[in-house]
Amino acid sequence: MKYVDEYRREEDIRRLLESVAKTVTRPWTVMEICGGQTHTLMRSGIDRMLPESLTVVHGPGCPVCVTPLELIDRAIAIAGRPGTIFTSFGDMLRVPGSRTDLLSVKALGGDVRIVYSPLDAVKLAAMNPDREVVFFAVGFETTAPANAMAVLTAQKRNLENFSILCSHVLVPPAMEAILGAPGNRVQGFLAAGHVCTVMGYEDYEPIAERHRVPIVVTGFEPLDLLQGILMTAAALEEGRFGVENQYRRAVRREGNPDARRAIAEVFEVRDRKWRGIGTIPRSGYGLRPELSLFDAERRFGVDTIEAQESELCIAGEILRGWKKPSECAQFGRACTPDHPLGAPMVSAEGACSAYFRYGRPA
Amino acid sequence: MCLGVPGLVLRTERNDLGMAMGTVSFGGIRKEICLAYVPDVKVGDYVLVHVGFALSRIDEDEAKKVFETLREMGELGDFGDGP
């Protein structure tokens, strides 16, 4: 496939690895903040081929993982209502709530459906006017334009039976929280390329300035990741900070203006709770007040449901890059993808789940 | 979650609401994709698609530059044997 295969050639990967090895002379810690990148690093084995002094840690880059437990419980409460069609991307269905998960709700007769696109959920609402159709709108900035368009389309079609359960998180405030935390050891970032296709990278420039770190907008194929790592390592070695763009074929500095306009029309920035981390100010999207008709939490009165996390899980330390999954006493023992204790083990894209799946030792 | 898949635009049209839609091929698998966020896109362009929406037109010139840089690095002897 064009724009895929040419970024996976072994020969190029080896060359870039050699170049990284030549560039790195001191110990550095670099963080990526995207589950897709975590996956590529593990699947390709790049994480094991990098110089030992270069540590790549995995930040809170998986929206499924950082969706708070109480929101999963709220989703389950809505999905169990008679007459409701609850729609979601596939990866949310197995995430355990306090007592059960969405897949079990489906097994017990709940109408829970996987959709490819939020527009499919809008279509279902149009086809089933006597049913309530709810879409679980989880995601980073990358997914926000799609969810915004779903709401705008439902509004244009006067669909009164469509609503979204919104759990949108934003990357830059999480980076600020990580850099500002006591004991932070992250010295450079790979910024998630697809988030930046939408938002651009202007918002990262003041973060790089304030904390004097290099931030490199990076793609998802093995070659992209290695080039991003090389650019970050070179900046660190030369004492440079600022934003660079490795993923130029898809990301412009201003992002996608049409997508940003749609986001601004539908969502406003709000404080958000991140599973495993806690509340980060102005780190998520909620529906604008004039669109509260489409807010499933209000419509079904589930916004009072609260939940309690496992005390054994060290997700907060994993997601901040303080510890690697294999350094957790529960990893692979009490905590596995089938029985996850916390955030990064729940989705296939979580760091703990990736470590488990690709056999990184406990 | 933020999976973005490159695909080739085969056809563009507007739906009943006037929204730009199109058929995009992902290595032969065709899907109906919303093109509202890539207003300048034409048949034959490659777009990056996430959950049914094209988010960006892939810039062929920029894509080529990466490989040119790699070649230059090889020629400068940064790498073992060069390409």
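Two residues are in contact if their C-beta atoms, placed from the backbone, lie within 7 Å. The structure described here is a predicted model.

**Contact between the chains**

The contact draws 41 residues from chain A and 30 residues from chain B. On the side of chain A that touches chain B, the elements that give two or more residues include helix H1 (10-23), helix H7 (118-127) and helix H8 (144-156) of chain A. H8(A) gives the most to this side, with 5 residues.

**Domains of chain A**

The domain assignment divides chain A into domain 1 (5-63 + 187-245), domain 2 (66-170 + 255-299) and domain 3 (315-357). Between domain 1 and domain 2 of chain A, the C-alpha centres are 31 Å apart. In the contact of these two domains, 10 residues of domain 1 of chain A meet 16 residues of domain 2 of chain A. H10(A) gives the most to the domain 1 side, with 6 residues.

The table sorts two of the contact sides by residue class.

| Domain 1 of chain A, touching domain 2 of chain A | 7 residues | 3 residues | no residues |

**The nonpolar core**

The largest nonpolar core has 144 residues, and A:Ala191, B:Phe53 and B:Ala54 touch the most other members. Helix H12 (residues 222-238) of chain A supplies the largest share of this core, 9 residues.

Not counting residues up to four places away in sequence, B:Phe53 touches A:Pro145, A:Ala146 and A:Met149 in chain A, and B:Ile33, B:Cys34 and B:Tyr37 in chain B.

Definitions and conventions: Residues numbered from 1 in each chain as written. Chains lettered and ligands numbered in written order. Predicted model: local features only at pLDDT ≥ 70, side-chain atom pairs only at ≥ 80, totals over all residues. Helix = DSSP H or I, 4+ residues; strand = E, 2+ residues; numbered from the N terminus. Domains from an automatic or database assignment. Nonpolar A, V, L, I, M, F, W, Y, C, P; charged D, E, K, R; others polar. Core = buried A, V, L, I, M, F, W, Y, C linked by C-beta atoms within 7 Å. Buried ≥ 20, exposed ≤ 12 C-beta atoms within 10 Å, placed from the backbone.
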